[in-house]
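Have the model open beside you as you read.

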Amino acid sequence: MRGYHVSKDGKVRKCTATKQECPLQHYPTREQANNALEKLNRDEHGLLSQMKIKTNLDSVESVVKDEKKEIVENLLNNAESRLSEIEKHRKKKEAQDRKLQAQQLKELATMSNILKKEQKDKEKLIKQQKKSQIQELDNIEQLMKIASQQEQQVAYA
Ligand SMILES: [Zn+2]
């Protein structure tokens, strides 16, 4: 007799193998076999826990990875939409600037036309004034001529 062993079904039994060599580990007393079984259960439980923890860690890691990916994608999307917004704003501003410039040019052209017309009118007025001055001078000359003729006539009389 070789004492006690832990059977494959997880129970402590007295070893009864006689013909063939029993491949299991043997303990001299039932208590020792029980202790060994408890330790085995603890170890198995520990291993299971570790496996569970590792599985949890793996799934947490994959969730974090997915979240990271999502965050990066969101950041990229935000940056892209921000850029397109800035571009839109810039184009709008450019169009406004062009419109304003065109309006200013139009106003300048109008003002230039007004100034030209005023200048023309002024020149016309000056010409007319000159003409009437010349006319006046002619009149005065004519009057002086007449006066001098009358003077001569008075002198000869
Ligand atoms: Zn045995």
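What percentage of the 157 residues of the protein count as buried?

1. The answer is 3% of the 157 residues. Here a residue is buried if 20 or more other C-beta atoms lie within 10 Å of its own, exposed if 12 or fewer, and partly exposed in between, with C-beta atoms placed from the backbone. Please keep in mind that this is a predicted model, in which local features need pLDDT of at least 70 and side-chain atom pairs count only at pLDDT 80 or more, while totals for chains, interfaces and linings use all residues. Numbering starts from 1 along each chain as its sequence is written.

2. On the overall layout, the protein has one helix and three strands, running β-β-β-α from the N terminus. These are DSSP runs numbered from the N terminus: helices are H or I with at least four residues, strands E with at least two. The radius of gyration is 61 Å, well over the 15 Å that the globule rule gives for 157 residues, so the protein is more spread out than a compact globule. That radius is taken over C-alpha atoms, and the rule is 2.2 Å times the number of residues to the power 0.38. Along the principal axes, the C-alpha trace spans about 195 × 20 × 15 Å.

3. Now for helix α1, which covers residues 30-156. Its 127 residues should span 189 Å at 1.5 Å a residue, and the end C-alpha atoms are 185 Å apart, which agrees. The expected span is 1.5 Å times one less than the number of residues. Of those 127 residues, the number buried is one, so α1 lies largely in the open.

4. Glu-94 is found in the helix and counts as exposed, with 10 C-beta neighbours inside 10 Å. From Glu-94 to Arg-42, 52 residues apart in sequence, the C-alpha to C-alpha distance is 76 Å. Lys-145 also belongs to α1 and is exposed, with 10 other C-beta atoms within 10 Å. The C-alpha atoms of Lys-145 and Asp-121 are 36 Å apart, for 24 residues along the chain.

5. How are the strands arranged? They form an open sheet of three strands in the order β2-β1-β3, with antiparallel pairing. The edge strands, each pairing on one side only, are β2 (12-14) and β3 (26-27). Two strands pair if DSSP finds at least two bridges between them. Strand β1 (residues 4-6) pairs with β3 over two bridges in the antiparallel sense, and His-5 has His-26 in β3 as its bridge partner. In general, strands of a sheet pair through backbone hydrogen bonds.
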